[in-house]
Amino acid sequence: MSAFEFRTTPAIYVESGAAARLGQILRKRYSQERVCLVTDRFLHESGLLDPALADLKANGWTVQVIDDVIADPPEHIVLQATERARQAKTEIVVGLGGGSSMDVAKLLAVLLASDQPLQEMYGIDKVRGSRLPLVQIPTTAGTGSEVTPISIVTTGETTKSGVVAPELYADLAILDSELTLGLPPRITAATGIDAMVHAIEAYTSRILKNPLSDNLAKQALRLIGGKLVHVCRNGQDAAARQDILLGATLAGQAFANAPVGAVHALAYPIGGIFHVPHGLSNSLVLPHVLRFNAPAAAPLYAELAEVLIPGIQGDEASKTEAFIHFMEQIAIDTGIERQLRDVGIKESDLRRMAQEAMKQTRLLGNNPRDVTEDDAFAIYSAAF
């Protein structure tokens with residue numbers, strides 16, 4: 001066995017309805033008084049946060065709600081949120097929402113405890129100093145951000161930059177499936193496929209793949225793969241929702257240690273240029289990247305087919321094709337877009353997208369097969 005290091009969030013609390021006891025849960029762990037809750041305006045105005053806010057107040061917490069997080073948050077959102085949290089003398093940061101809210105919460109926790117500028121944090125292991133206590137509560141089952149040391153920020157008109165550092169691991173992740181019951185089928189499908197991509201790419205990661213990430217990835221696929229289409233059709237199935245939420249977290253733990261590859265690299269230009277949601281961006285290119293990778297990754301894809309399709313028979317090639325078909329069928333059965341043209345992308349955009357994808361060197365180095373610009377163009381063409 002090759003040497004490896006595995007890191008993750010030290011505490012994960014799983015309970016349906018836990019968010020309604022947030023004040024109690026925090027009070028058992030912390031003696032501070034002032035909490036900054038980072039979320040988005042839709043969640044705040046929907047009333048979904050009301051039980052958590054009421055319990056925080058009942059347990060003596062002073063709460064500052066920052067609800068102006070948007071998808072793919074730009075730098076100015078992060079910096080403005082940091083200033084507001086600093087003025088409120090925040091002592092604990094809670095991210096409650098999708099991946100963007102949790103990503104902003106991570107950065108607040110480090111920026112509030114340091115005088116290091118955000119611009120100096122981009123890259124791998126660039127964060128200096130400590131951070132404030134950080135708690136993450138996902139409301140979608142997809143990003144795994146509650147257990148990853150990664151925060152993605154939009155740094156230009158079409159570009160994103162990542163902060164990757166162990167300081168971004170939360171102290172506590174709370175998984176409450178009740179928060180996901182109201183997710184529309186399309187969002188459920190796209191975020192669920194995103195989580196499955198995390199597991200798949202962790203399992204095939206070229207450099208840091210390891211036995212712990214492998215087992216987390218396989219269990220994530222078991223939990224999500226057989227239930228995702230069902231939950232898109234029966235969104236109030238709380239038990240299935242809890243399985244998918246846990247699966248997304250396990251996939252997050254996997255790819256935090258065995259990083260993702262070409263699916264994510266090619267998805268970033270789709271989101272960055274055309275503002276397509278991240279999970280859907282991944283789904284659009286997934287089968288085509290899988291087929292591109294198959295010459296290098298077929299043995300691993302065949303193993304994942306055995307996880308997703310119990311009792312499958314056949315040789316490595318047939319299992320690999322069955323695995324790719326299984327992933328394609330989820331998109332078909334859930335009715336989400338399957339072609340780039342369906343989200344407003346033109347054929348004339350594909351070369352620019354391929355050029356942008358090549359900038360994702362941090363991700364492409366993890367892919368099981370090298371990807372050139374022409375390869376990326378061919379994948380986009382197949383997805384068009």
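## Aromatic pairs and charges over rings

Rings of Phe, Tyr and Trp (its six-membered ring) form a pair if their centres lie within 6.5 Å, and planes under 30 degrees apart count as stacked, over 60 as edge-to-face and the rest as tilted. By this criterion, a search of the whole structure finds one aromatic pair. The structure is a predicted model, in which local features need pLDDT of at least 70, side-chain atom pairs count only at pLDDT 80 or more, and totals for chains, interfaces and linings use all residues. Residues are numbered from 1 along each chain as its sequence is written, and side-chain values use heavy atoms, with hydrogens and water left out.

A charge sits over a ring if NZ of Lys or CZ of Arg is within 6 Å of the ring centre and within 35 degrees of the ring normal. The charged end of Arg27 is placed over the ring of Trp61, 3.8 Å from its centre. Lys209 lies over the face of Tyr203, with 3.7 Å to the ring centre.

## Helices α10 and α13

Helices (H or I, at least four residues) and strands (E, at least two) are DSSP runs, numbered from the N terminus. Axes are lines fitted to C-alpha atoms, for helices over the stretch in contact, and angles run from 0 to 180 degrees between N-to-C directions. Helix α10 (residues 262–274) packs against helix α13 (residues 350–357) at an angle of about 120 degrees, the axes being 8 Å apart. That angle makes α10 oblique to α13 (under 35 degrees is roughly parallel, over 145 roughly antiparallel, 65 to 115 roughly perpendicular, and the rest oblique).

The contact (heavy atoms within 4.5 Å) involves Ala265, Leu266, Pro269, Ile270, Ile273 and Phe274 of α10, and Arg352, Met353, Glu356 and Ala357 of α13. By class, the contact of α10 with α13 has eight nonpolar, no polar and two charged residues (Ala, Val, Leu, Ile, Met, Phe, Trp, Tyr, Cys and Pro count as nonpolar, Asp, Glu, Lys and Arg as charged, and the others, Gly among them, as polar).

## Helices α6 and α12

Helix α6 (residues 185–203) and helix α12 (residues 316–334) pack at about 165 degrees, with axes 10 Å apart. The two helices α6 and α12 are therefore roughly antiparallel to each other. On the α6 side, Ala189, Ile193, Met196 and Ile200 meet Phe323, Phe326, Met327, Ile330, Ala331 and Thr334 of α12. The contact of α6 with α12 comprises nine nonpolar, one polar and no charged residues.
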